[in-house]
Amino acid sequence: MTSTASSSHPTPTSAPPERAPAGERKPSAWLRGLRRFGYRAQESSGDVRAHLVPPHPAPSSRLWASFGLSRFTAGQANRILGWAGPLLVTLVAGLLRFWNLGSPKAVIFDETYYAKDAWALIHRGYEVNWAKNANDLILEKNGHVAIPTDASYVVHPPVGKYVIGIGEWLFGFNPFGWRFMTAVLGTLCVLMVCRIGRRLFRSTFLGCLAGALLMVDGLAFVMSRTALLDSVLVFFVVAAFGCLVVDRDRSRERLAAALPVDEHGLVRPDAHIAETLRLGWRPWRLLAGLCLGLAAGTKWNGFIYLAAFALMSVLWDVGSRRVAGARRPYLAVLKRDVVPAFVSTVPVAVATYVLSWLGWILSPTDGTGGYFRNWAATAGKGGHFTWLPDWVRSMWHYEHEVWEFNTNLSSPHTYQSNPWSWMVDGRPVSYFYESPSAGRDGCPADAADKCAREVLALGTPLLWWAACFALLFVLWRWFFRRDWRAGAIVCGVVAGYAPWFQYQERTIFYFYAVVFAPFLCLALAMVLGAIIGRPGSSERRRVIGAASAGVLVLLIAWNFIYFWPIYTGTAVPIDSWRSRMWLDTWV
């Protein structure tokens, strides 16, 4: 069977035990005291390569023999399954996200900004001011409306709007067109989480399970069917994370290949190699920098992920060199890896961000171009930085104004929420609501009362409530078991969640949490793997664990199906709608 092991350490080989590397220190008294809470120092196995690059478990000969496959063919089948499983989950996710995508046929919530901004960007290169009745005209004329020329002040970078605009360019300026690309990216996120989970856990099953959990998360689902920027942000953040995970594996493979092999054929640590080896060209890290630049070019919190992921990647290098035998891994990374890591991520991301403004930069400077495009030549004339190009000074002024707006926004909103409530679905956001009478807009003709049609950005409650416990588990796993996978998941959650706590007075919304929803699904998949148990566990333990995990997954899937009407704007009798308002704060 596919392994669901909750530890990345492989089963020790039968080779002679490895002696502790010279200079290795015994755990301190403080660390020894932590053992009562489950602390475990990194254990050594006979082969260092198994620690640097844990192999995917070999397919069970008994399982594949039941299908009449030889062991060689079974190995090929296992590799095929590594793609077939994620693609199957992705296919189902895509069918769900594209089903009746153009409904509601309305401009819902902040689509009133981003759908129109996207249309203006791909035609003008900058955002414009629309008439107050523009939404009605767009729906009435199926998008065949004149585009204004007066520049508009906007507070988010252009990448996400360009992405939304691709769908409008392909399918028209209508609800399906402006939601198309977010549905595409939301579907691809499921595929990426499947593959990332497979690589993290060395288990196709757990990878597919993580992707399936994201597939049935109500918040990710609703955001994938709405033309908002956050779904685009999620895609680039998850893509960057996946690139860094691949980079970690590739760099550790190079490190393992350079280490000496003893007479038993086992790879042994070597302090000199571990401290001096240059890991060379790392294209996956460059690609991560590009993705993080596109994330920042969608919403500014992409820069927070840039800082968090860059630091995480460097710490992974420290761990790699330590496992390879480095006595001073931090010093080795400082000499060999920090500068290449910085150059591969930060300058690449910043350059990508600046290039995303190219439409604004190239717009006219005579007052008919983008907002503030002519600031340096008018209100900003003079000063200490006149030696800089006008577009740089104008852009810097624009960014400063946006910073002031974003950090001081405090206009009350009906659906604003405090980040303390996000993990428990305290205050979801209603994107659309109407009360059709019987026989209209999908309301049954025999309905005794009016119906309700709503699109509610609500995370699947059982999934998010279970994820609260999953977060505690991965925190314990990271701190006490030194599990890098748990640390990576924690990093993804903290970078998307923690910054909002400093804005207690700012107007913020629950749907901002969608950026770390994929990491919650990975955390929950890790917990489910632990519940199922390691491959070496007794059959009774595995059966009980698999049954328990299966019940939880089925309950989450049922919960998603139960809330399907209020995720998709399907008309239901008002009493049926009320029965789904589990908390008073959901109304």
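Student: Where is Ile166 located?
Tutor: Ile166 sits in helix 7. Please keep in mind that this is a predicted model.

Student: Which residues form the nonpolar patch on the surface?
Tutor: The patch is made up of Ile122, Ile166, Trp169, Leu170 and Phe171. Together they have about 510 Å² of accessible area.

Student: And which helix gives the largest share of that patch?
Tutor: Helix 7, which covers residues 159-171, contributes 4 residues, the largest share.

Student: Changing topic: what is the volume of the second largest pocket?
Tutor: The volume of the second largest pocket is about 1,100 Å³.

Student: How many residues line it, and which lie nearest its centre?
Tutor: The lining of the second largest pocket has 42 residues. Nearest the centre are Tyr114, Val155, His156, Phe405 and Asn406. By class, the lining divides into 24 nonpolar, 11 polar and 7 charged residues.

Student: On helix 14, what about Val323: buried or exposed?
Tutor: Val323, which belongs to helix 14 (residues 302-323), is buried because its relative accessibility is 15%, and the class takes values under 20%.

Student: How many residues apart in sequence are Val323 and Val48?
Tutor: Val323 and Val48 are separated by 275 residues in sequence, while their C-alpha atoms are 7.2 Å apart in space.

Student: Now the backbone. Which peptide bond is cis, with omega near 0°?
Tutor: The bond from Ser103 to Pro104 is cis. Pro104 lies in the loop between helix 4 (71-98) and helix 5.

Student: What is phi of Asn142?
Tutor: Asn142 has phi near 55°, a positive value in a residue other than glycine. Asn142 occupies the loop between helix 6 (134-140) and helix 7, and is partly exposed, with a relative accessible area of 41%.

Student: And what is the phi of Arg482?
Tutor: Arg482, also not a glycine, has a positive phi of about 55°. Its place is the loop between helix 19 (461-481) and helix 20 (484-497). At 48% relative accessibility, Arg482 is partly exposed.

Conventions
Residues numbered from 1 in each chain as written. Predicted model: local features only at pLDDT ≥ 70, side-chain atom pairs only at ≥ 80, totals over all residues. Heavy atoms only, no water. Helix = DSSP H or I, 4+ residues; strand = E, 2+ residues; numbered from the N terminus. Buried < 20%, exposed > 50% of the residue type's maximum accessible area, 1.4 Å probe, protein only. 1 Å grid on protein atoms, 1.4 Å probe; cavity = no way out; pocket = protein on both sides within 12 Å on 5 of 7 lines; lining within 4 Å. Points joined across faces, edges and corners; volume = space filled by probe spheres on them. Nonpolar A, V, L, I, M, F, W, Y, C, P; charged D, E, K, R; others polar. Patch = residues over 30% accessible without salt bridge, like charges linked within 9 Å, V, L, I, M, F, W, Y side chains within 5 Å. Areas by Shrake-Rupley, 256 points an atom, 1.4 Å probe, with all protein chains shown as cover. Salt bridge = Lys/Arg side-chain N within 4 Å of Asp/Glu carboxyl O.
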